[in-house]
Amino acid sequence: MKVHENYCSLYSIEGTENFDENPCFWDENTFPAFQFGLQQFKQTLVDLVSRGESKTFYKFGDGDYFFLKKIPNGSANPGRRAIGVPYDQLQNHHEFVSGVLQNDFFTCEIYPENISKFQELYPDILIDFPAEYGYGLTANKWLLQQFAGKIGVIGAHEKVKLIEHLLSFKEYQEYLGVEGFNDYISIPQRFACDNLDAVEEMVAKQLQQSSSDTKIYLLGIGHVKSGLLHRLKKHKDAVYLDVGSGIDALAGVIDPGRPYMGAWKNHLSKQFNYGLLDFLNHTPDPNKDVVL
């Protein structure tokens with residue numbers, strides 16, 4: 001797989017390869033301030049963590065649009081992943097729609113179609129940063145190195161357990177450049193949106209027992225984030241950064257076609273039961289991935 005011949009270097013992030021062929025990456029007018037914004041994003045995170053502030057970064061994608069609009073499509077399809085009941089039985093759906101507004105920063109992929117979807121739902125909210133920054137800074141490990149010793153991860157239970165398991169291998173520690181994360185906090189892998197309050201209680205207990213050294217959480221929790229993310233600050237002061245599929249990368253199951261993940265090396269463990277994972281778009285390939 002190669003970068004498209006029309007790929008614009010304006011959208012490069014050091015230490016990554018981007019195989020995403022969305023035409024927006026071919027046009028320098030899509031997001032001319034990409035490099036300036038990247039430095040601003042990094043500095044914002046450094047400042048927030050150094051000051052010990054508690055802020056949330058909400059990442060919007062097309063799947064969130066479908067979920068918030070009650071459109072049964074992809075991961076927003078009842079019975080697939082996020083929701084186990086029909087939308088007309090999800091009595092607190094409005095808490096997800098209004099919950100988005102209660103976050104501090106908003107990120108969205110620079111795809112024009114995704115930006116339009118966000119603006120349709122929330123016309124009065126400005127997008128602060130491209131979501132690609134979270135992907136890229138996970139992929140090149142800048143986040144891991146910059147905040148070493150201060151990081152926790154939040155994700156689906158099985159993926160979080162897999163991340164923790166992989167980090168028991170010295171080879172994976174060396175690849176990530178960390179010996180481990182401070183906290184491994186989990187939510188249900190499927191149907192977390194069915195009972196928002198119960199999931200909040202589950203996460204709250206883990207946050208209350210978490211390391212006092214953790215100042216930033218990298219998270220990928222699916223559509224439940226729309227109702228849950230802003231609530232996390234009630235339970236622990238930290239920066240909560242939604243890196244979406246970046247959690248799949250840390251778990252060694254990322255599709256290299258995802259934005260900025262082309263150079264990432266998935267690591268697999270022969271000791272882990274991958275049948276426990278709910279894969280949406282990608283499954284491990286022992287012929288291509290590093291097997292521990």
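## Exercise 1: a buried pair

Aspartate 64 has a relative accessible area of 4%, which makes it buried (under 20% is buried, over 50% exposed, and partly exposed lies in between, using a 1.4 Å probe and protein chains only). Before going on, note that this is a predicted model, in which local features need pLDDT of at least 70 and side-chain atom pairs count only at pLDDT 80 or more, while totals for chains, interfaces and linings use all residues. Residues are numbered from 1 along each chain as its sequence is written, and side-chain values use heavy atoms, with hydrogens and water left out.

**Task.** Find which residue forms a salt bridge with aspartate 64.

**Solution.** 
- Step 1: Apply the criterion, a side-chain nitrogen of Lys or Arg within 4 Å of a carboxyl oxygen of Asp or Glu.
- Step 2: The partner is lysine 225, with the closest N and O atoms 3.1 Å apart.
- Step 3: Aspartate 64 sits in helix H2 (residues 62-68) and lysine 225 in helix H10 (residues 225-228), so their bridge ties together parts 161 residues apart in sequence. Helices here are DSSP runs of H or I with at least four residues, strands are runs of E with at least two, and both are numbered from the N terminus.
- Step 4: Lysine 225 is buried too, at 5% relative accessibility.

## Exercise 2: a bridge between loops

**Task.** Locate the two ends of the salt bridge between aspartate 278 and arginine 80.

**Solution.** 
- Step 1: The N to O distance in this pair is 3.1 Å.
- Step 2: Aspartate 278 belongs to the loop between strand S8 (267-268) and strand S9 (290-291), and arginine 80 to the loop between H2 and helix H3 (93-100), so the link joins distant parts of the chain, 198 residues apart.
- Step 3: Aspartate 278 is buried at 12% relative accessibility, whereas arginine 80 is partly exposed at 25%.

## Exercise 3: from pair to network

**Solution.** 
- Step 1: Glutamate 200 lies in helix H9 (residues 196-208), and arginine 231 in the loop between H10 and strand S7 (239-242), 31 residues apart.
- Step 2: Both count as buried, glutamate 200 at 9% relative accessibility and arginine 231 at 10%.
- Step 3: Shared partners join Glu95, Asp197, Glu200, Arg231 and Lys234 into one salt-bridge network.
- Step 4: For context, the whole structure holds 16 salt bridges.
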